[in-house]
Number of protein chains: 2
Amino acid sequence: MLAPIAMTKIDLSPGQNDEGSARRRQILEIAARLFARKGYRGTSMRDIGEQAGVLGGSLYHHIKSKDALFIELHNAALDEAEERIAEAVRAQSGPWARLLAACATLLDIQLASDSLTTPMMNDFREVPEPVREQLIARRDRFEGLFRSLVEALPLPPHIDRSVYRNLLLIQLNATADWYRPGRLTPGEIAAQIVAVFRHE
Amino acid sequence: MLAPIAMTKIDLSPGQNDEGSARRRQILEIAARLFARKGYRGTSMRDIGEQAGVLGGSLYHHIKSKDALFIELHNAALDEAEERIAEAVRAQSGPWARLLAACATLLDIQLASDSLTTPMMNDFREVPEPVREQLIARRDRFEGLFRSLVEALPLPPHIDRSVYRNLLLIQLNATADWYRPGRLTPGEIAAQIVAVFRHE
DNA sequence: CCTACCGATCGGTAGG
DNA sequence: CCTACCGATCGGTAGG
């Protein structure tokens, strides 16, 4: 039996060190939801505390700073997104099917209201400069995933692929701003977006 | 000679009442630029004052409140955009040519750095609730302009026109976030967007 | 247009 | 996890 590699830090069992405690996880989920709904500046530590049932100051037992909290959430979201998208893409052949799988998976993640991975990829302008730099760096790496997907598309020659990829990513990120549960599903939205972006 | 109707308030000559003074206009331009670059919450009255060479409190001689200032700028931008787009569309026949003319004109306006009409159509979430309601109402009216343009397009039947229009407007609004002078011109960006959205 | 200020709110901390 | 607080910043105002 093969030993799993890099299993060292995945201990998420509750109640041990604070890093992976259930209480901390709960706070992160609350914060993610608030950041997604009200933006970085529109969410105060006191707001987060209120929904967690504690005062704002008490949160600092679990996190280092508001900045660090936001960065952690952002990176966790992109980590999970990268992994799940790569998996979904592997299951498809055909360039359009692969692109559709990637878009549907990303929207599934971004539009789920229960996980850490709610969208906060938008309000870069709301965030302090040093934070923004880190977000953009992580973000660029994530977007590279879509680079190869777009390269593989049979697009008409008058369409610039780097512009095309930019427009597509904008569309995917903006979805969280107009999505309303009960109307179009994440999968249906992905299908509509790909239908618009599809040329052959 | 026909008497002009509702001409009463259009006096924009400088130096008279404060409504249309050159100083006020100058302050509005500064505010528009800052709002566009740093967002609503990211722009303080003291920031605006600093660039205007006065203290923040002194601005209240020219404006009633930060909210009112933002709404005024937003409405002025949409007023000008509506007028110029309607004019540009009239000059074209063909549904795709008309759409392209509308997109190019909107981007021209949104990406111009010198006028009041810099983009601030994005950060609705950053703005206080009562302000947001007004912005959305005005905004809905503006977007109606694109409704008929999209109706006229010969789109494949599997594309939902209301989703299509939504995606297009998102794309146009998001442009201000990634546009950098000296690279693609507003007209070239409009052409690329319409190329992606073009089906027949 | 400035001085001088108001009440509110922010992120964060010490000490328990 | 709370009490009690810090310094900073915000939109806005009175009075000149």
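This is a predicted model: local features need pLDDT of at least 70, side-chain atom pairs count only at pLDDT 80 or more; totals for chains, interfaces and linings use all residues.

Student: How many residues of each chain are in contact, and what counts as a contact?

Tutor: Two residues are in contact if their C-beta atoms, placed from the backbone, lie within 7 Å. By that criterion 22 residues of chain B are in contact with 22 residues of chain A. On the chain B side, helix 6 (161-178) and helix 7 (186-197) each supply at least two residues. Helix 6 of chain B gives the most to this side, with eight residues. The side of chain B that touches chain A comprises eleven nonpolar, six polar and five charged residues.

Student: Why are helix 1 and helix 3 of chain A called roughly perpendicular?

Tutor: Angles from 65 to 115 degrees count as roughly perpendicular. The axes of helix 1 (residues 22-38) and helix 3 of chain A cross at roughly 90 degrees and come within 10 Å. The two helices of chain A are therefore roughly perpendicular to each other.

Student: Which residues make that contact, and what is their class?

Tutor: Helix 1 of chain A contributes Leu28(A), Ala31(A), Ala32(A) and Phe35(A), while helix 3 of chain A contributes Leu69(A), Phe70(A) and Leu73(A). By class the contact has seven nonpolar residues, with no polar and no charged ones.

Student: What makes a residue count as near DNA strand C, and which residues are closest?

Tutor: The C-beta atom, placed from the backbone, must lie within 6 Å of the strand. On that basis 15 residues surround DNA strand C, the closest being Ser44(A), Gly57(A), Ser65(A), Lys66(A) and Val54(B). Helix 2 (45-52) and helix 3 (66-90) of chain A each supply at least two residues of this surface. Its residues comprise four nonpolar, seven polar and four charged.

Student: Which residues come nearest to DNA strand D?

Tutor: Of the 15 residues around DNA strand D, the nearest are Val54(A), Ser44(B), Gly57(B), Ser65(B) and Lys66(B). Here helix 2 (45-52) and helix 3 (66-90) of chain B each supply at least two residues.

Student: Which residues of chain A does the record label "DNA-binding region"?

Tutor: An unreviewed UniProt entry applies that annotation to residues 44-63 of chain A. This stretch of chain A is 40% helix and 0% strand, with its end C-alpha atoms 14 Å apart. For "domain: HTH tetR-type", UniProt, again in an unreviewed entry, lists residues 21-81 of chain A.

Definitions and conventions: Residues are numbered from 1 along each chain as its sequence is written. Chains are lettered from A and ligands numbered from 1 in the order in which they are written. UniProt positions are given in the numbering used here, feature names are shortened, and annotations may be inferred rather than shown by experiment. Helices (H or I, at least four residues) and strands (E, at least two) are DSSP runs, numbered from the N terminus. Ala, Val, Leu, Ile, Met, Phe, Trp, Tyr, Cys and Pro count as nonpolar, Asp, Glu, Lys and Arg as charged, and the others, Gly among them, as polar. Axes are lines fitted to C-alpha atoms, for helices over the stretch in contact, and angles run from 0 to 180 degrees between N-to-C directions. Angles under 35 degrees count as roughly parallel, over 145 as roughly antiparallel, 65 to 115 as roughly perpendicular and the rest as oblique.
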